[in-house]
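I am keeping these entries as I go through the chains and their interfaces. The sequence and structure come before the notes.

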Amino acid sequence: MDADVIARDIAAGRLALRLDVEDFHAGYAQVLDRGDLADWPGFFVENCVYRITGRENWDAGRPIGILYCDSRAMLEDRVFAIRKTAMYAPRTVLHFISNVRVTSSADAGTVTAEANFLLVENLIDRNPRLLMAGCYFDRFQREGTRLLIKERHCVYDTLTVQTSLVYPV
Amino acid sequence: MDADVIARDIAAGRLALRLDVEDFHAGYAQVLDRGDLADWPGFFVENCVYRITGRENWDAGRPIGILYCDSRAMLEDRVFAIRKTAMYAPRTVLHFISNVRVTSSADAGTVTAEANFLLVENLIDRNPRLLMAGCYFDRFQREGTRLLIKERHCVYDTLTVQTSLVYPV
Amino acid sequence: MDADVIARDIAAGRLALRLDVEDFHAGYAQVLDRGDLADWPGFFVENCVYRITGRENWDAGRPIGILYCDSRAMLEDRVFAIRKTAMYAPRTVLHFISNVRVTSSADAGTVTAEANFLLVENLIDRNPRLLMAGCYFDRFQREGTRLLIKERHCVYDTLTVQTSLVYPV
């Protein structure tokens, strides 16, 4: 193979990888935006980490957060808890995910990536408002043709967090 | 052809299709963001549906909305009406379209896709503010190398809609 | 080569080019979002133009703005000045860049492109808020495998600009 063909294959590989990650985000966000909470744990491997934490904790490497789950079973418990306890004000949340950056990939099927997220909340009788802005720091694992989350750290830049944020990010 | 080559071609096809849809959105938004209203109907086939409706109506399958047009001629009438009647406060609107999901495509040249949109309004002497957040549910038809809208349902999650929203979404 | 192969190569070229531009935006935004100001001039060629201006000036072709730099050395001076003088309120800014449009490319390695940007500001004890919304009008120059900015015009639609905007866009 000549250099051009190899370069094109590498470029195609990068393209395909970012496409996969972007597709993942779009599917993940859609499930949450529609309120299909029961489908949310399906985006994670069984032995996963899901965390929501502030930028200060992230930058300092502190393994804490306002939410920390270390298995898919814990995510399922969380879905159950939200459904039992949440008072549903008539509101919806929409995710806007952009600036996707694939930071590494390995043949073993692991991909690390980052993206910016913006959560827009719609409440009755109000203009839409910004609920949260931050970054996803992700480690994906490929299972068959799908990417699944091995680790997702939702790092919010927002310095105050809405108490209404019982919902996954 | 071996399986790898076929897989790569399929992946390239998916990539190319999402690229096309994203290009469409970028071009469509640019025309509206610049205020080039007269060019807006050119993104639709003649026999099209364009609708703006709330999430509740969409979820319930109700064929109503705050705006319903079922031909390009109606869109052109609308452009004419806006130009005649709108009081132009010095404002601009910017579209932010993300989370593009191609949901199906057929050889016949039809593509269905979804995306999230965020409209940001800029008025004089105020901070920018969120005007509307929602989803596009689209059916595109390929004409030559271009995609055109066969059906666009702009489904807003926003529960109150600004009266200033005489402008296309 | 048959027409299909040529068409596919052109499509792959367009894909690769938009990927490059999107990667550029993601990297550029990340540096600013993290506050790594010293790395910011590295995204520009030495003999560059960087400008922040309002839509009215842009539309009228007036070569003015609230900020105008015409070399990388000026950007470096600016970074130095911000570091010396800025009172850092505990705040962060996140970029959301979307609707990327490659408008032209030449074999000589020059690419022109546009994109919408949204700056979200996070201040302590407040909800996140929109700081600025607008468009990048860019001319890139390829150096090796990297794109660098030859000209970046940050055109804000926002009609009032926060005085806190001493920071690059």
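This is a predicted model: local features need pLDDT of at least 70, side-chain atom pairs count only at pLDDT 80 or more; totals for chains, interfaces and linings use all residues.

**Entry 1: chain B against chain A**

I then asked which elements of chain B supply this side. Helix 1 (3-34), strand 3 (91-105), strand 4 (110-123) and strand 5 (129-143) of chain B each give two or more residues to the side that touches chain A. Strand 5 of chain B has the largest share of that side, with 8 residues. Sorted by class, the side of chain B that touches chain A holds 12 nonpolar, 7 polar and 9 charged residues.

Next I looked up the extent of the contact. Chain B contributes 28 residues and chain A contributes 29 residues. The two chains bury about 2,200 Å² between them, and 56% of that is on carbon and sulfur atoms.

For charge pairs, I found 3 salt bridges between chain B and chain A. One of them that I looked up joins the side chains of B:Arg18 and A:Asp23, at 2.6 Å from N to O.

**Entry 2: chain C against chain B**

The buried area between chain C and chain B is about 2,200 Å², with 56% of it on carbon and sulfur atoms.

Chain C and chain B have 3 salt bridges between them. I noted the one between C:Arg18 and B:Glu22, where the closest N and O atoms are 2.1 Å apart.

**Entry 3: how the copies are related**

What rotation superposes chain B on chain A? I get 120°, with 0.0 Å of shift along the axis and an RMSD of 0.0 Å. This is therefore the relation of a three-fold axis. In chain B, the residue that comes closest to the rotation axis is B:Ser98, with its C-alpha at 4.0 Å.

I ran the superposition of chain C on chain B as well: a rotation of 120°, a shift of 0.0 Å along the axis and an RMSD of 0.0 Å. The C-alpha of chain C nearest the axis belongs to C:Ser98, 4.0 Å from it.

**Entry 4: chain A on its own**

Last, I looked at a single chain. Chain A contains 3 helices and 6 strands. Along the sequence, chain A runs α-β-α-β-α-β-β-β-β. Which share of chain A is buried? Of its 169 residues, 52% are buried. I also noted the contacts in chain A with a separation of 6 or more: 57% of them are between residues 24 or more positions apart.

Notes. Residues are numbered from 1 along each chain as its sequence is written. Chains are lettered from A and ligands numbered from 1 in the order in which they are written. Side-chain values use heavy atoms; hydrogens and water are left out. Buried area is the accessible area (1.4 Å probe) that two parts lose on being put together, summed over both. A salt bridge is a side-chain nitrogen of Lys or Arg within 4 Å of a carboxyl oxygen of Asp or Glu. Contact means heavy atoms within 4.5 Å. Helices (H or I, at least four residues) and strands (E, at least two) are DSSP runs, numbered from the N terminus. Ala, Val, Leu, Ile, Met, Phe, Trp, Tyr, Cys and Pro count as nonpolar, Asp, Glu, Lys and Arg as charged, and the others, Gly among them, as polar. Copies are superposed by least squares on the C-alpha atoms of residues with pLDDT of at least 70 in both. Buried means under 20% relative accessible area, exposed over 50%, partly exposed in between (1.4 Å probe, protein chains only).
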